[in-house]
Amino acid sequence: MKRHLLSAADLTRDDAELVLETAAELRSLADRPIKKLPALRGRTVVNLFFEDSTRTRISFEAAAKRLSADVINFAAKGSSVSKGESLKDTALTLEAMGADAVVIRHGASGAPHRLANSGWVRSSVVNAGDGTHEHPTQALLDAFTLWRHLGEERKGGLEGRRVAIVGDILHSRVARSNALLLKTLGVDVTLVGPPTLLPVGVESWGVETSYDLDAVIPKVDAVMMLRVQRERMQGGFFPTPREYSRRYGLDGRRMATLQDHTIVMHPGPMVRGMEITADVADSDRSVIVEQVTNGVAVRMAVLYLLLGGSESESTE
Amino acid sequence: MTTPYLLKNVRILGGEPTDILIKDGVIAEIGVGLSAEGAEVVEAEGLIALPGLVDLHTHLREPGREDAETVETGTRAAAMGGFTAVHAMANTNPVADTAGVVEQVWRLGREAGYCDVYPVGAVTVGLKGEQLAELGAMADSAARVRVFSDDGHCVSDPLLMRRALEYVKAFDGVVAQHAQDPRLTEGAQMNESELSGRLGLAGWPAVAEEAIIARDCLLTAHVGSRLHVCHVSTAGSVEIVRDAKRKGWNVTAEACPHHLILTDELAATYDPIYKVNPPLRSAADVEALRAGLADGTIDIVATDHAPHPHEDKDCEWAAAAFGMLGLETALSIVQHTMVDAGLLDWAGVAERMSSAPARIGRVADHGQPIAVGNPANIALYDPAATRTIEASASASLSRNTPYAGMELPGRIEATFLRGRPTVLDGKLWEGTA
Amino acid sequence: MPAAPLAPEGRTVLDARDIGRALTRISHEILERNKGAGDLVLLGIPRRGVPLAHRIASRISTVEDVEVPVGSLDITMYRDDLRLKPARALLPTEIPPGGIDGKVVVLVDDVLFSGRTIRAALDALNDVGRPRAVQLAVLVDRGHRELPIRADFVGKNLPTSLSERVSVRLADLEEDGIDAVSIEAKLEVTE
């Protein structure tokens, strides 16, 4: 593993599988009387959130605390982020406090990159979502969930499994990280959405693309629905929410065309009735709640693997 | 009386070694084995003499952003780059949209004395793209403005652009367009490409530049005026300009040094030192720009020298300012990308970095050939030198050079402005001001 | 793994039959000490402690005709040298369904050396539950203790030099399917 987790592309297949295996061990912690391990005792993890995201923040906080790390939550939203200095100044503050890891959520693509490579801090940097770029721990927890359902008892793990990622690919950091990571794990990924929401150059990502949800979903082993953000509904990317739902929403009728073993995923928060209907979200194909549970184990694995050992490669 | 200078064994435009005697602000004599009583002798063996460089596109930031650059520091950087004249862009604060502001900038340039400063006037009031600025008043002012530009903003309203092109005909002006369709580039951060999709940075499509250039060429032909296209950055733009020229339309174009050497791959570092408007493009675009500059489709190299204080670059990409320094490295990059690559000879460099920009800007005293009787505006350049660029060594007040740590060929050894050195022995000549 | 030429095979100190006899003896000692197999839980320390624990359990079941619960206890995150090396992969922790509260836990490991592994195991155990007693069974005790820890059941006491390495190979984990304990010259100073 590299010293930072900035992009799902930072992970080799061995790295990714190590995270999944470690997460599998750590998941059993939830069943033990003392849900705590001493691995990060005396280490400080800072949750630096420039955007609201209670669920991701809580997930990282629980993960760090279960590994006995000290956790500092730093919500920087509302400060003069647009001016730009605040990332650097905040980073210098964290450095002065002796953070061993900074978990950063930021609205600007590449902000975690800057934090890791600008010389502002010496700590490990974990990208908890940056702009429209990446969200690698979400991809890891999605991969972990897929693996538990579709790969754990199978030779080759997830190799050759098919996953459709559906919706606003253009603005989705979840889609980017998942496309990279799942490809690393040998999964066949198909990105599905209206042409206006597929990024330029997507053909070079090494994944399939389609504009036709109905044609894709009967063939896949998992369907991952992405949230359609409210501001996109006004952006002219599609004519109306109704037309979007009709063409790219997952409803009961479409769900009926899935194979028996196919699971339905969503990174949350869902816009019920928009990209997914309530009956689908609450069906027994849905592993949406489990994704949240797995999030803690996966983030524990990431923090442990980044911080648990020596910092042999890092020099000042 | 100024001290006469005798430049010994200098190669004019890279030709055979000869001597140049500079006296009373003009080139007094050219010939082998010259001698002159009381003249300072500059041993210039191996150095190339070029007419003093002229930049049609410089941001001096004064008035308003004196923390980034002043007329004095900007012209010092210009002199170090071999420039004897620069055109100061209008996006200052206040905007150079009245005779008063352009005269102030012009006067500051005279006082600094490192190079002549020709203010560019804004096309529209406050660069807002709504109403024409008093172009005539600026043209008639002491600054004698001939180049008008909203640079930093595109004059996107086609009717307003048409009117501007028509209006400047009255005083032989030119509209220098920053070609960027605003709607197609909302929130844009970098060249739209496979990479922008991967990096999650909003894309800046080539068509946003090309569509405006195509429209403006048509407007220019229609009203019979003169258009200059700022910082052409895409292969498609080169093709459109080439076509307009073939049709005989009065269109000129510039390319920036950074667009001749750097590509959008650098955005993958997320280091905003590489954030610039227009953005760095693909390697194919770089190739097309070089070819266009070589065949004359692109008339000139202009620096788009854009100083920014440290804090405006030491942040995340989206929050950072657009722009990079250019004056002190322009000639080295042209040597590296064009001359050393066999695409351009030194006469071609003189045409594209001195004569042509002076002609487009209607600057009479600059861009003249190195010939007896002409103003002694001369840059002496050592093409055999190599230097490693250090941001901290810049004469500019700002440090945002994208070339820090790069080894580039060539160095300006001396710059003469009307017979007086502004740079000598590769250093600013402190007797200048 | 070092790419250097293979080290001399070393001196075999226990062969498969020796190991079998030692485990049989340990099994009997465990039963004697605890007066039967009633509340016993065997926890192997991965990797090699786990197959040893299973072998002991099967010997006990032959003698006593009871199934002794067997599990594994990973100590990776409890190691005192965790920070001295890059983060290590975790090994399985499997606590038998009945848990360990009130039980007699016998920790099983292959080699007892500095005692630090057992110290970590005691800490790990503490987070899993509260046994009535904890005992320690090892195949080999090579001495050089750095902590006040001793084994209750020892297959063989093996005086060694610090410049030597004790290598335990178990059929369950090795490709060649051979049981053997050997002493080799240390290739490099690791621990």
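Predicted model: local features only at pLDDT ≥ 70, side-chain atom pairs only at ≥ 80, totals over all residues.
View 1. The domain assignment divides chain B into domain 1, made of residues 5-48, 373-389 and 403-428, and domain 2, which covers residues 52-360. Taken over C-alpha atoms, the centres of domain 1 and domain 2 of chain B are separated by 28 Å.

**View 2. The side of domain 1 that touches domain 2 in chain B.** In this contact, domain 1 of chain B takes part with 19 residues and domain 2 of chain B with 21 residues. On the domain 1 side, the elements that give two or more residues are β16 (378-388), β17 (407-417) and β18 (420-424) of chain B, and the largest share, six residues, comes from β17(B). Sorted by class, this side of domain 1 has 14 nonpolar and five polar residues, and no charged residues.

**View 3. The annotated binding site in chain B.** An unreviewed UniProt entry places the feature "binding site" at H57(B), H59(B), D151(B) and D304(B). Although these residues span 248 residues in sequence, no two of their C-alpha atoms are more than 9.7 Å apart, so they gather at one spot.

View 4. H57(B) lies in strand β6 (residues 53-58) of chain B, whereas H59(B) is found in the loop between β6 and α1 (71-80) of chain B. H57(B) is buried, because 29 other C-beta atoms lie within 10 Å, where 20 or more are needed; H59(B) is likewise buried, with 28 other C-beta atoms within 10 Å. Leaving aside residues up to four places away in sequence, H57(B) touches several residues, among them H87(B), C230(B), E254(B) and D304(B), while H59(B) touches M89(B), H305(B), A306(B) and P307(B).

Note on methods. Residues numbered from 1 in each chain as written. Chains lettered and ligands numbered in written order. Domains from an automatic or database assignment. Contact = placed C-beta atoms within 7 Å. Helix = DSSP H or I, 4+ residues; strand = E, 2+ residues; numbered from the N terminus. Nonpolar A, V, L, I, M, F, W, Y, C, P; charged D, E, K, R; others polar. UniProt positions renumbered as here; feature names shortened; annotations may be inferred. Buried ≥ 20, exposed ≤ 12 C-beta atoms within 10 Å, placed from the backbone.
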